[in-house]
Amino acid sequence: MPHFISLMRYTEKGLREIKGSTERARLSAERVEKLGGRSTDFYLTMGAYDLVQVFEMPSEESMMRYLLTARADGYVDPLVLRAFPAADYRRIVESLP
């Protein structure tokens, strides 16, 4: 299954309603499961981004559905990265000419 990493910043709305963010994180994991994926890790972070979430999703299309729904909620502004696990990394690099 494809892997994705979401780097998120709270929006003004997200900061105003910060107390509800733990419940929204739980609901986020449920949304991912309903799309056939899995939220494997979730972190509160210091620095340029406030949160990091790691996903396994069945397709890029399912990830886009999740992303559009999350953005429409308006609590976070996510930057999503397609990620390749170590085994894929090795296979890709070893296949280079």
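Tutor: Helix α2 (residues 21–34) lies across β1, β2 and β3 and runs at about 160° to β2. This is a predicted model, where local features need pLDDT of at least 70, side-chain atom pairs count only at pLDDT 80 or more, and totals for chains, interfaces and linings use all residues. Residues are numbered from 1 along each chain as its sequence is written, and side-chain values use heavy atoms, leaving out hydrogens and water.

Student: What makes α2 a helix, and how is its angle to β2 defined?

Tutor: Helices (H or I, at least four residues) and strands (E, at least two) are DSSP runs, numbered from the N terminus. Helix α2 spans 21–34. Axes are lines fitted to C-alpha atoms, for helices over the stretch in contact (heavy atoms within 4.5 Å). Angles run from 0 to 180 degrees between N-to-C directions. On that scale α2 makes about 160° with β2.

Student: How do you know that β1 and β3 pair?

Tutor: Two strands pair if DSSP finds at least two bridges between them. Strands β1 (3–10) and β3 (51–56) have six, in the antiparallel sense. The bridge partner of L7 is V52 in β3.

Student: Why are β2 and β4 called edge strands?

Tutor: The open sheet has the order β2-β3-β1-β4. Strands β2 (38–44) and β4 (76–83) each have a single partner strand, so one side of each is left without a neighbour in the sheet.

Student: Why is K19 called exposed?

Tutor: Exposed means over 50% relative accessible area, buried under 20%, partly exposed in between (1.4 Å probe, protein chains only). K19 has 79%, so K19 is exposed. K19 is found in the loop between α1 (12–16) and α2.
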